[in-house]
Amino acid sequence: MLSIKNLHVNVEGKEILRGLNLEIGKGEVHAIMGPNGSGKSTLSYVLAGRDGYEVTEGEVLFEGRNLLEMEPEERAWAGIFLAMQYPVELPGVNNMTFLREALNAVRKGRGEEELDAVAFMKLIREKAEVVKLPEKLLKRSVNAGFSGGEKKRNEILQMALLEPKLGILDETDSGLDIDALRIVAEGVNSLRNPERSFLVITHYQRLLDYIEPDHVHVLAHGQIIRSGDKHLALELEEKGYGWILEEAAA
Amino acid sequence: MSTQRELDDLVKAGYEAGFVTEVESDTLPPGLNEDTIRFISEKKNEPEWMLEYRLKAYRHWLTLEEPDWAHLKIDPIDYQAISYYSAPKKVGDGPKSLDEVDPELIETYNKLGIPLEEQKALAGVAVDAVFDSVSVATTFREELAKAGVIFCSISEAVHEHPELVKKYLGSVVPHTDNFFACLNAAVFSDGTFVYVPEGVRCPMELSTYFRINEAKTGQFERTLIVADKGAYVSYLEGCTAPMRDENQLHAAVVELIALEDAKIKYSTVQNWYPGDENGVGGIYNFVTKRGDCRGDRSHISWTQVETGSAITWKYPSCILQGDDSVGEFYSVAVTRGRQQADTGTKMYHFGRNTRSTIVSKGISAAHGQNAYRGLVRMGPKAENARNHTQCDSLLIGDKCGAHTFPYIEVRNPTAKVEHEATTSKISEDQLFYCRQRGLKEEDAVSMIVNGFCKEVFNELPMEFAVEARKLLNITLEGAVG
Ligand SMILES: Nc1ncnc2c1ncn2[C@@H]1O[C@H](COP(=O)(O)OP(=O)(O)OP(=O)(O)O)[C@@H](O)[C@H]1O
Ligand SMILES: [Mg+2]
């Protein structure tokens with residue numbers, strides 16, 4: 001479903017991704033781990049189409065389409081969803097309004113009927129239940145004054161609503177308390193199905209206890225330097241990155 | 001990666017209301033002297049006292065100097081190059097029914113989406129349409145008359161209700177008030193008169209759509225709204241003007257008078273032609289709007305959505321004379337291209353326990369310059385008077401500007417004034433976030449802008465809030481990029 005080949009990306013003239021390769025199949029969950037500043041968020045932004053990330057080499061195909069030629073909103077319609085490491089605040093924009101506008105924009109983009117207000121209300125209540133997001137947060141401005149954990153839950157709520165084909169979670173676990181971590185993970189698990197894939201960026205094995213990955217990759221210096229199954233994450237938890245970096249350098 | 005080209009096209013897509021209606025008009029050649037004024041007065045068959053009123057104002061105007069331009073950059077206006085009277089010719093004394101109205105005019109209003117024909121009218125909205133200078137059609141008048149509400153053109157009021165006009169005209173904005181108000185008093189051509197008698201709640205929203213059409217004609221509308229004791233009226237003014245190369249002057253005067261326990265709600269949605277992207281053409285809008293809370297517990301509320309005009313200079317104000325009277329000002333002002341807006345309000349607290357609320361939302365895009373200028377004055381007798389001012393600016397892009405000038409004068413130690421101001425910017429982060437969720441950039445902008453303006457839109461009557469939102473979206477199309 002997603003195929004990244006030899007991806008090179010510059011940010012502000014500096015090369016951050018240096019020949020990254022990654023294949024994600026339908027229904028698979030891939031975890032990416034790696035030291036701070038190694039380029040994990042950069043990868044997620046490039047996939048989502050953020051401005052300022054210059055692709056100098058390589059290609060990215062999403063269900064056979066050239067992803068790099070698409071506008072960010074077209075990627076969203078095509079089924080790419082990015083739960084951000086730092087969700088953005090939209091003061092004054094009612095969360096419920098935002099969710100409805102987003103859902104209808106995506107539905108329109110996918111050639112589906114827009115939902116009317118009643119159908120939307122029903123749907124949003126259902127979905128909010130999945131991530132246990134208090135209803136009062138739906139009435140507030142998007143993410144404005146939300147706690148770190150509330151923001152992350154709001155991200156997962158959006159993902160549940162927009163039903164992407166590929167969900168990219170950039171450190172969704174950071175800032176979550178133990179209960180919230182479980183709730184969010186269960187939310188993600190409930191969205192897992194044979195058609196839907198996930199790319200989970202995290203620093204901690206803990207999240208992967210809940211969301212069991214099919215593959216684990218280590219990203220360092222702009223490349224995937226090691227891939228394995230879920231046991232790789234356990235090994236990293238125990239030993240850190242030093243040994244892999246040394247092996248890769250050797 | 002960006003949709004820059006499409007956005008540029010949208011910016012240039014131009015002003016939707018920019019078309020000129022071809023009707024023969026009865027237009028006075030440019031120029032201003034006492035004969036001009038006599039001509040206008042005679043055309044309107046006015047009584048002597050009205051002519052005297054005009055001449056007195058004109059003579060005073062000659063002694064005045066044009067005001068200093070606040071925060072605005074402006075080319076000098078040649079008052080002799082303006083035509084002071086223009087009326088669609090075929091209308092004559094004014095049509096008795098819609099059948100008599102020039103079909104071209106009706107078409108013009110249709111293009112603007114204004115429901116002139118009663119069956120098309122928004123339920124419960126009476127429309128007094130002002131085409132250039134003469135009121136061409138008034139709907140729902142009979143129903144209003146049943147309630148005792150007078151809703152007619154000011155020229156008619158001069159003939160039919162001279163005692164009311166004499167009593168109230170110029171009682172809030174005297175001709176000596178300022179340069180433009182004085183000019184208006186001398187040459188005003190037409191406008192709207194509303195009188196709601198004691199204890200009557202006006203059964204529908206009243207509305208006037210102004211339209212400036214004739215080239216080089218200034219518009220000098222005069223609006224007078226009186227709510228007698230315990231009366232209530234909600235009034236909406238909406239404006240559009242076709243595209244013109246010359247800057248057109250608009251100097252209206254609006255006077256509101258609320259007696260004891262009366263409430264007047266006055267809403268404006270203004271989208272006059274702002275000029276092209278280089279600042280050529282466009283309307284100069286210099287308006288004097290003032291409400292007088294003359295009676296105890298009276299209430300005047302101004303709501304305005306200003307998206308048009310090359311230059312806007314207006315400060316709808318409240319004089320809070322009655323004890324416990326309330327003044328409110330809710331404003332959204334948008335500037336883009338080369339537009340300049342200097343707007344705000346003045347709240348004069350004279351009575352005891354008077355309260356005022358000011359909510360001003362300024363949005364600047366492209367090279368737009370937006371200034372909020374507000375005066376809150378607490379007089380010596382304004383025991384326990386309160387004001388709360390909230391003044392927010394939103395910037396789109398980095399070539400625009402927002403400026404805030406609050407003036408506060410407190411002469412009573414028990415009075416309290418609060419002022420809050422914020423400036424924010426639509427960030428690249430926010431736009432990316434919205435687009436990642438599937439929204440197009442312009443939809444994201446309009447959603448953020450609508451969120452920003454929510455408090456003001458909430459004050460507009462429902463149908464007009466929808467209208468205002470649409471207008472804002474059109475105005476800001478392609479503002480980012
Ligand atoms: N806009 C930018 N301007 C300059 N440098 C940038 C920018 N964005 C990212 N970088 C740099 O690119 C490198 C990779 O950043 P990225 O955010 O992708 O790392 P990460 O792997 O997500 O790190 P973390 O684990 O801390 O979230 C860092 O050195 C960062 O400073
Ligand atoms: Mg990161």
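**Exercises on a two-chain predicted model**

The contact between the chains draws 35 residues from chain A and 20 residues from chain B, where contact means heavy atoms within 4.5 Å. This is a predicted model, in which local features need pLDDT of at least 70 and side-chain atom pairs count only at pLDDT 80 or more, while totals for chains, interfaces and linings use all residues. Residues are numbered from 1 along each chain as its sequence is written, chains are lettered from A in the order in which they are written, and side-chain values use heavy atoms, with hydrogens and water left out.

**Exercise 1.** Describe the interface of chain A and chain B by its buried area and its salt bridges.

*Solution.* Start with the area: about 2,400 Å² is buried between the two chains, 60% of it on carbon and sulfur atoms. Buried area here is the accessible area (1.4 Å probe) that two parts lose on being put together, summed over both.

Next, take the charges. Five salt bridges cross the interface, each a side-chain nitrogen of Lys or Arg within 4 Å of a carboxyl oxygen of Asp or Glu. In one of them, Arg50(A) pairs with Asp429(B), with 2.3 Å between the closest N and O atoms.

Finally, sort the residues on the side of chain A that touches chain B: 22 are nonpolar, five polar and eight charged. In this scheme Ala, Val, Leu, Ile, Met, Phe, Trp, Tyr, Cys and Pro are nonpolar, Asp, Glu, Lys and Arg are charged, and the others, Gly among them, are polar.

**Exercise 2.** Work out how H3(A) packs against H6(A).

*Solution.* First the geometry: the angle is about 35° and the axes lie 10 Å apart. Axes are lines fitted to C-alpha atoms, for helices over the stretch in contact, and angles run from 0 to 180 degrees between N-to-C directions. Helices (H or I, at least four residues) and strands (E, at least two) are DSSP runs, numbered from the N terminus.

Then the residues: H3(A) contributes, among them, Phe98(A), Leu99(A) and Val106(A), and H6(A) residues including Leu157(A) and Leu161(A). By class, this contact has eight nonpolar, three polar and no charged residues.

**Exercise 3.** Which parts of chain A does the pair Lys5(A) and Glu23(A) tie together?

*Solution.* Begin with the pair: Lys5(A) and Glu23(A) form a salt bridge, the closest N and O atoms being 3.9 Å apart. Now place the partners: Lys5(A) lies in strand E1 (residues 2–11) and Glu23(A) in strand E2 (residues 14–24), so the pair links parts that are 18 residues apart in sequence. Over all chains, the count comes to 33 salt bridges.
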